[in-house]
Amino acid sequence: FWVRHVREAVRFLDGVRTLEARGVTTFVELGPDGVLTAMAQDCLAEPEAAELLPALRKGRPEAEALTGALARLYVRGPAPDWAAFFAGTGARKVALPTYAFQRSRYWVDVQLSLDEVASAGLGSADHPLLGAAVELPDADAYVFSGRLSLASHTWLADHTVADTAVLPGSAFVELAVRAGDHVGCALLEELTLDEPLILPERGGVRLRVSVGEPDGDGRRPLAVYSRDERSDTDRPWTRHAAGVLGSAEAPAGGNAEPLAVWPPADAEAVDTDELYASMARAGLLHGPAFQSLGRVWRRGEEVFAEVRIAAERQPEAARFALHPALLDGALQPLALGADGAAVARSWRGVSLYAVGAEALRVRLALTEDGAVSMLAADETGALVASVEALVTGALEVDRIAGATASDRHESLFRIDWAPVAAPSEAASAGIAVIGGDELKLSVALETAGFRATVHDDLGSLNAAIEAGGPVPDTVLVPFPPEPGAAEGGLAAGAHTATHRVLGLLQEWLNGGRPGAARLVVVTRGAVAAAGDPAVTDLVNAPVWGLLRSAQTENPDQFVLLDVDGEVSYPAIAAALGSGEPELALRAGAAYAPRLARVEAAPAIGTTKAIVTPEAAKAIDATGSAGRAIDPDGTVLITGATGGLGRLFARHLATAHGARHLLLTSRSGPAADGMAELVAELAELGARATVAACDAADREALAGLLAGIPADRPLTAVVHTAGVLDDGVIDMLTPEQVDTVLRPKVDAAVNLHELTRDLDLSAFVLFSAAAGTLGGAGQGGYAAANVFLDALAGHRRATGRTAQSLVWGMWAEARGMGGRLGEADQQRAA
């Protein structure tokens with residue numbers, strides 16, 4: 001065959017034509033590219049009647065190319081063997097509706113009903129942004145009220161500045177026009193925008209639109225106010241816009257060219273492909289609801305545009321005079337001539353001639369005074385709206401970002417546990433459980449239909465694999481609570497658990513990993529998630545810190561899983577299919593941790609706050625470390641000779657009025673600069689006593705506490721002590737881990753147990769972000785800090801005060817941060 005193929009004519013044309021003559025209309029090329037497909041198409045007498053498909057294409061992923069070819073074959077009529085195609089994937093047939101998908105939205109936006117408004121003695125404003133209209137009894141004036149939130153008005157989340165949802169200027173026009181319609185004023189003579197209206201991530205804002213009494217010409221003053229619904233009632237309202245409503249209508253477009261001829265004659269098309277991207281780079285981001293701009297033309301100083309509201313928003317357009325997303329889109333062409341983004345500052349002479357428009361033809365033109373006039377018509381050319389003059393300005397990103405500072409501190413975070421959509425069916429090549437399976441995970445997994453083998457340790461698992469056993473893709477290692485770990489042995493138990501997980505990880509990383517399997521460490525109650533009041537397994541809490549560092553150093557190898565009991569066991573396999581590195585199962589539902597900004601300083605009940613030094617003032621603003629510091633009591637600061645201890649000694653004296661400070665560390669008075677610190681604190685009105693005491697030494701600490709005078713008893717504890725002894729997981733030694741755990745874990749347990757019968761106003765533990773985020777090379781340090789976080793929650797759950805402050809890196813020459821080299825800082829970053 002091959003000799004003939006080389007020496008004789010191939011007759012490819014004849015072969016293709018013969019197949020075509022016999023009725024073949026579908027050709028599939030089996031090869032590495034589509035070379036023959038192109039040749040065959042040239043050979044066909046009627047190529048438009050045939051489908052030619054290359055199974056693979058050069059430069060494209062093979063699976064994607066082959067699946068695409070199969071799909072094109074399927075729509076041509078041939079029926080693939082779907083059972084063979086989906087074999088081993090877990091796919092199954094599901095019943096579909098008998099009619100085509102209509103893509104209609106049926107979620108109900110929460111609005112007050114007419115009955116609810118009437119039951120409160122109010123009139124209805126009958127508007128999506130306003131709920132009630134109130135006529136003042138002693139004046140010819142009105143107040144309109146409403147509530148805005150990203151939950152009830154989801155489309156507003158598509159208009160953001162500096163990652164913050166901001167009410168667009170077009171919405172203020174809509175509010176003014178609706179208020180004017182209610183009081184009989186058809187013209188918005190002028191409207192000036194003052195302050196941006198920020199929409200919080202959670203909760204909402206109360207909205208007020210006030211319309212004053214008319215003057216002799218029927219003109220009425222108007223103003224728009226808001227106040228965060230979470231604010232105290234004595235917080236003043238913020239005025240966002242002010243203007244004047246008039247009773248007369250503005251002239252309908254003056255001498256403007258009618259918009260009935262479309263596209264406009266002699267106008268040149270303008271490329272808008274990069275418009276939204278350029279505005280986003282300037283800080284103004286338009287989501288789908290606000291991407292309403294279509295084609296744009298320019299003719300001299302005039303700009304013409306087509307605008308259409310998003311399809312999912314069209315059903316609600318009839319409830320607006322002019323939907324804010326549509327009016328916003330009408331003004332977006334102004335950004336074509338601006339450096340980044342242009343926003344409206346003031347409006348003059350706004351009139352509406354039709355309501356509920358879904359699409360507009362828009363003409364924008366410069367006026368003699370440098371403003372912009374606007375004329376808008378519907379798709380038939382009938383006039384919808386006109387604006388006599390619009391003044392624009394540059395987007396003030398910093399101003400808007402600053403307006404959010406009081407409600408969402410940029411340096412203050414918390415951990416939220418968010419629900420995870422796990423796959424409905426988990427496909428697993430096999431699960432192995434090692435370490436004795438004290439939690440009985442294998443039984444539950446096999447009951448749920450998953451193959452699970454049990455082995456004593458990694459060595460026995462690998463031996464079984466070498467003997468021909470299955471290679472698992474998931475290895476579960478239970479770390480059950482230790483029932484015998486009473487509080488007297490709490491610190492020792494934490495050391496033991498951390499040593500155990502360190503040994504396991506090192507064995508895994510040094511040849512013990514079977515194939516490409518993932519190692520899943522399973523705890524029970526070692527984290528507080530999804531409404532849990534506190535950690536119930538303090539001993540295994542530091543395991544999570546060490547594992548987080550291991551995950552950072554070795555991506556995609558380790559998973560942390562915490563369960564609440566056997567009720568959640570059947571959901572383990574599906575949850576692990578989510579791909580999340582950290583999971584908590586509660587009542588069978590999966591949750592994963594998410595970092596979220598704190599919208600206000602943490603309340604007094606807060607257990608854990610992730611902060612940077614710049615956020616300290618936000619915490620102080622609420623006194624969230626506990627009750628107010630008693631000036632007649634003693635405040636104990638451990639690690640007081642370090643940089644943070646000294647800093648917070650001064651802080652307690654100046655910001656909290658502490659008058660008696662007990663400063664301790666292992667070096668005590670012998671530390672450099674302590675005499676000067678004592679003198680400085682005396683000038684600030686605080687009497688400081690410096691003592692050499694290792695808080696990890698229970699006997700020494702008990703003696704120190706017993707020596708505090710009765711006339712100034714211990715009323716607050718601030719534990720800042722800590723040391724570093726870094727190393728990557730596979731090189732870390734148990735001795736290094738103990739060095740780091742001792743001043744944090746052992747000392748904190750001693751402080752907790754020796755003061756638990758005292759009525760403390762504050763028990764503050766200095767934690768670090770390495771434990772929450774997983775610091776590379778800081779496994780021991782991460783473990784120690786996670787334990788502090790868990791201990792704070794435990795104290796609060798038992799009715800005692802506590803707070804763990806999870807600090808970022810401090811720019812302090814003294815202390816741990818000052819001893820980090822450039823390589824250490826780069827690794828931490």
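**A tour of the backbone**

Begin by selecting P263, which sits in the loop that runs between β11 (238–246) and β12 (268–270). Look at the peptide bond that leads from W262 into P263: this bond is cis, and its omega is near -5°. Most peptide bonds are trans, and most residues other than glycine have a negative phi. The next two stops concern phi.

Select R11. The loop between α1 (2–7) and α2 (12–21) holds R11. R11 is not a glycine, yet its phi is positive, near 60°. Is R11 buried or exposed? R11 has a relative accessibility of 59%, above the 50% cut-off, so R11 counts as exposed.

Now go to D126. Strand β3, residues 123–127, contains D126.

Last, colour the chain by confidence. This is a predicted model, and the protein chain has an average pLDDT of 86. A score of at least 70 is reached by 87% of the residues. Select residues 601–606, where the pLDDT is below 50. In the model this stretch makes 18 contacts beyond near neighbours in sequence. Then select residues 612–625. Here too the pLDDT is below 50, and the model shows 38 contacts for this stretch beyond near neighbours in sequence.

Notes:
Residues numbered from 1 in each chain as written. Predicted model: local features only at pLDDT ≥ 70, side-chain atom pairs only at ≥ 80, totals over all residues. Heavy atoms only, no water. pLDDT = per-residue confidence, 0-100. Contact = heavy atoms within 4.5 Å. Helix = DSSP H or I, 4+ residues; strand = E, 2+ residues; numbered from the N terminus. Buried < 20%, exposed > 50% of the residue type's maximum accessible area, 1.4 Å probe, protein only.
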